[in-house]
Amino acid sequence: MIIIGEKLNGSIPSCAKAIANKDEDYIKKMARRQAQAGSAFIDVCASLKDGELEAMEWMVKLVQSVTDCPISLDSPDVNVILDAMAFCDRPGLLNSVSGEGDKLDLALPVLANPENEDWEVMALLCDDTGIPKSAAKRIEIFDKIMEKAKEFGIEDKRIHIDPLVEMLCTADEGEGISMLLEVMAHIKATHPNVHISGAISNISFHLPERKLVNQAFAALAINAGMDSAVMDPLEKDLRGVVYAIEAMLGLDDYCMEYTQAYRAGIFGKIKK
């Protein structure tokens with residue numbers, strides 16, 4: 001699983017407070033902990049209406065001062081993301097683009113530049129009409145995104161697709177889950193090298209015992225092809241479930257990764 005550590009996001013109250021107070025120790029500590037927990041990318045999202053780019057620069061530089069883990073530049077404004085690439089010491093992830101407006105037209109030429117060939121991108125399956133309510137519409141947007149990516153020579157392996165994980169409690173009779181699984185099946189059938197991603201915790205908003213719901217969703221999603229996720233890498237129970245699922249699906253030969261992760265303390269308790 002490609003883990004995109006979600007904890008440095010201004011939409012989280014504790015992180016918002018750290019950004020407002022310029023608390024360098026908080027940003028560094030959270031970056032270091034997420035990297036040590038096995039994150040492939042550290043998501044950096046200032047979540048500000050004013051001064052977003054300046055805050056992103058400050059956060060990125062602090063993260064890079066304590067870890068070599070690549071940055072996921074996270075903003076709804078694609079121009080902020082593209083400008084923030086200059087702050088990164090190594091290639092990372094553009095999070096995100098979509099079928100909305102001119103986001104693809106702005107981002108894909110930058111990704112096509114040979115200097116940026118190691119950068120990856122997250123694409124959301126929404127467009128100017130909003131978040132589609134049907135699998136057919138999300139698949140239509142996915143197909144258009146992939147056609148556009150092909151025009152610019154962007155390899156499938158550089159693309160993470162977020163089919164848009166929404167709250168389970170607002171879906172009728174499991175329609176939300178069945179729709180997501182249908183979209184994931186199409187992605188894997190047509191573009192097996194594309195990464196399927198998404199924010200796992202979105203599924204459990206407004207539900208009790210959210211951790212249980214997140215773990216159950218992880219099992220369904222990984223089985224359907226999810227191999228990338230925006231999640232809390234410090235949540236040991238969820239990490240353990242992910243390793244266990246991958247082992248059961250034959251994605252972990254002889255359970256070596258599961259065993260090594262346990263011994264490293266990424267999940268479970270360390271025996272003394």
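Author: On a 1 Å grid over the protein atoms alone, a cavity is a set of points where a 1.4 Å probe fits but cannot get out, and lining residues have an atom within 4 Å of a point. The model is predicted, with local features needing pLDDT of at least 70 and side-chain atom pairs pLDDT 80 or more, while totals for chains, interfaces and linings use all residues. Residues are numbered from 1 along each chain as its sequence is written, and side-chain values use heavy atoms, without hydrogens and water.

The structure holds 1 cavity of 30 Å³ or more. The largest cavity has a volume of about 40 Å³, a volume being the space filled by probe spheres set on grid points that are joined across faces, edges and corners. Val97, Leu104, Leu108, Val121, Ala123, Ile145, Ala149 and Ile159 line the largest cavity. Two or more of these residues come from each of α5, β5 (120–127) and α6; helices (H or I, at least four residues) and strands (E, at least two) are DSSP runs, numbered from the N terminus. The lining has 8 nonpolar, no polar and no charged residues (nonpolar: Ala, Val, Leu, Ile, Met, Phe, Trp, Tyr, Cys and Pro; charged: Asp, Glu, Lys and Arg; polar: the others, Gly among them).

The axes of α5 (residues 103–112) and α6 (residues 135–151) come within 10 Å and cross at roughly 35°; axes are lines fitted to C-alpha atoms, for helices over the stretch in contact, with angles from 0 to 180 degrees between N-to-C directions. Leu104, Asp105 and Leu108 of α5 make the contact with Ile145, Lys148 and Ala149 of α6, contact meaning heavy atoms within 4.5 Å. These residues divide into 4 nonpolar, no polar and 2 charged.

Key:
1 Å grid on protein atoms, 1.4 Å probe; cavity = no way out; pocket = protein on both sides within 12 Å on 5 of 7 lines; lining within 4 Å.
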